[in-house]
Amino acid sequence: METRTLIIGAGLTGLSTAARLRAAGLPVCLLERSAHVGGQIRTFRKDGFVFETGPNTGTIASPEVAELFELLGLQPEIASPAAANRLIWKGRSLHPLPRNLREAIGTPLFSFRDKIRILGEPFRARGTEPDETVGAMTRRRLG
């Protein structure tokens, strides 16, 4: 069968698209320039620590993500309770990732301007673009 669909990039979007097309019986060619798939989202272990890179770690909170795991025949890896202690390297030290508004206001991770924008975030209007990118949403919501 001849390939009719070419997907460039094996990040989350490319992999999801390829999986859906293959499940529908369509031939797909997926190209990735790096040595690994997954785009910016990666997990690696070093010296007994687990590191997550990329914009976010995945969750199975939405039905679409749960359906994708089922389609691929994968079992999600459930984070251990120790994963709640997330740290971000800024400057020359590690800082806890804020888990609530009080911590977000008190953290050195954000500038004063960032903290003012965070306080106003719940009052901003919802987006109207159904295909809005994560970057565009972040700029719209947080500046």
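**Figure 1. Overview of the chain.** From the N terminus on, the elements of this predicted model run in the order β-α-β-β-β-α-β-β-α-α-α. Of the 143 residues, 14% count as buried. The chain exposes about 11,700 Å², and carbon and sulfur atoms supply 58% of that area. Among the contacts with a separation of 6 or more, 24% are accounted for by residues 24 or more positions apart.

**Figure 2. The salt bridge between Glu67 and Arg20.** Side chains of opposite charge can pair when their charged atoms come close. Glu67 and Arg20 form a salt bridge in which the closest N and O atoms are 2.7 Å apart. Glu67 lies in helix H2 (residues 63-72) and Arg20 in helix H1 (residues 12-23), so the pair ties together parts that are 47 residues apart in sequence. Glu67 is partly exposed, with a relative accessible area of 44%. Arg20 also counts as partly exposed, at 36% relative accessibility.

**Figure 3. Thr17 in helix H1.** Thr17 is located in helix H1. At 36% relative accessibility, Thr17 counts as partly exposed. Val28 is 11 residues away from Thr17 along the chain, and the C-alpha atoms of the two residues are separated by 9.4 Å.

**Figure 4. The surroundings of His95.** His95 belongs to strand S6, which covers residues 93-96. At 15% relative accessibility, His95 is classed as buried, because this value falls under the 20% limit. The side chain of His95 is joined to that of Ser93 by a polar contact of 3.2 Å. Leaving aside neighbours within four places in sequence, His95 is in contact with Arg86, Leu87, Ile88, Lys90, Pro108 and Leu109.

**Figure 5. The salt bridge between Arg99 and Glu103.** The count for the model comes to three salt bridges, one of which joins Arg99 to Glu103. The closest N and O atoms of this pair are 3.4 Å apart. Arg99 counts as exposed, because its relative accessibility of 61% is over the 50% limit. Glu103 is partly exposed, with a relative accessible area of 23%.

**Figure 6. The nonpolar patch on the surface.** Leu101, Ile105, Phe112, Ile116 and Leu119 form a nonpolar patch on the surface, and together they have about 490 Å² of accessible area. Helix H3 (101-106) and helix H4 (112-120) are the elements that give two or more residues to the patch. The largest share, three residues, comes from H4. Ile116 is found in helix H4 and is partly exposed, with a relative accessible area of 46%.

**Figure 7. The salt bridge between Arg140 and Glu132.** Arg140 forms a salt bridge with Glu132, and the closest N and O atoms are 2.9 Å apart. Arg140 is partly exposed, with a relative accessible area of 32%. Glu132 is partly exposed as well, with a relative accessible area of 27%.

Definitions and conventions: Residues are numbered from 1 along each chain as its sequence is written. This is a predicted model: local features need pLDDT of at least 70, side-chain atom pairs count only at pLDDT 80 or more; totals for chains, interfaces and linings use all residues. Side-chain values use heavy atoms; hydrogens and water are left out. Patches are made of residues with over 30% relative accessible area and no salt bridge: like charges are joined within 9 Å, nonpolar side chains (Val, Leu, Ile, Met, Phe, Trp, Tyr) within 5 Å. Accessible areas come from the Shrake-Rupley method with a 1.4 Å probe; for residues, only the protein chains shown count as cover. A salt bridge is a side-chain nitrogen of Lys or Arg within 4 Å of a carboxyl oxygen of Asp or Glu. Helices (H or I, at least four residues) and strands (E, at least two) are DSSP runs, numbered from the N terminus. Buried means under 20% relative accessible area, exposed over 50%, partly exposed in between (1.4 Å probe, protein chains only). A polar contact is a pair of N or O atoms within 3.5 Å; within protein, one must be able to donate a hydrogen and the other to accept it, and residues adjacent in sequence count only if both atoms are side-chain atoms. Contact means heavy atoms within 4.5 Å.
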